[in-house]
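Visitor: Please show me the chain, and then let us go through its architecture one question at a time.

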Amino acid sequence: MEERENNIKKFQKELLSGIAALVLLSVLDKSEKPLYGYQITKILGEGGKGLSLLKLGALYPVLRSLEKSALLSSSVEPSFSGPPRRYYSITQEGKETVREWQKIWGQTQDFVNDIVGGVD
């Protein structure tokens, strides 16, 4: 039983690592203005399922990784209600990348649904 739970957790972690980057880039691509982490979590939570799939603690490492890869840029701005906030924007490279990733996601989704869809 414990081995099965470990396998499930490992599968979820591996599956979600790429999906998280795609989702975050997509959110920032659709936004007309830079967003800070909490704003992004609110957007993800609007669908009701987003935050359970992408834990708040996992959000920031993915954002930093995307910035390090030059897919996002960020700036720190003072906040009137607390500490300064880091705002993220998608770069031109990020916009081009997210279009490619979205195509790959669609192809992957179709492939997986074709294979797994018939399994009960």
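Visitor: Which residue in E3 stands opposite Glu-77?

Guide: This is a predicted model, in which local features need pLDDT of at least 70 and side-chain atom pairs count only at pLDDT 80 or more, while totals for chains, interfaces and linings use all residues. Residues are numbered from 1 along each chain as its sequence is written, and side-chain values use heavy atoms, with hydrogens and water left out. E2 and E3 pair in the antiparallel sense over seven bridges, where two strands count as paired if DSSP finds at least two bridges between them. Within E3, the residue opposite Glu-77 is Arg-85.

Visitor: In what order do the three strands stand in the open sheet?

Guide: Helices (H or I, at least four residues) and strands (E, at least two) are DSSP runs, numbered from the N terminus. E1 and E2 (72-79) stand at the edges with a single partner strand each, so one side of each is left without a neighbour in the sheet. The pairing is antiparallel, and the order is E1-E3-E2.

Visitor: At about what angle does H1 run to E3?

Guide: Axes here are lines fitted to C-alpha atoms, for helices over the stretch in contact, and angles run from 0 to 180 degrees between N-to-C directions. H1 lies across E1, E2 and E3, and its angle to E3 is about 90 degrees.

Visitor: How is the aromatic pair of Tyr-36 and Tyr-87 arranged: stacked, tilted or edge-to-face?

Guide: Rings of Phe, Tyr and Trp (its six-membered ring) pair if their centres lie within 6.5 Å, and planes under 30 degrees apart count as stacked, over 60 as edge-to-face and the rest as tilted. The structure holds one such pair, with 5.3 Å centre to centre and 80 degrees between the planes of Tyr-36 and Tyr-87. Tyr-36 lies in strand E1 (residues 35-36) and Tyr-87 in strand E3 (residues 82-90), so the pair ties together parts that are 51 residues apart in sequence. The arrangement is edge-to-face.

Visitor: Is Ala-70 buried, partly exposed or exposed?

Guide: Ala-70 lies in the loop between H4 and E2, and its phi is near 65 degrees, a positive value in a residue other than glycine. At 42% relative accessibility, Ala-70 counts as partly exposed.

Visitor: Which element of the chain has the lowest mean pLDDT?

Guide: pLDDT is the predictor's confidence in each residue, from 0 to 100; the mean for the chain is 88, and 89% of its residues reach 70 or more. E1 has the highest mean among the elements, at 96, whereas the lowest, at 54, belongs to helix H3 (residues 50-53).

Note on methods. Contact = heavy atoms within 4.5 Å. Buried < 20%, exposed > 50% of the residue type's maximum accessible area, 1.4 Å probe, protein only.
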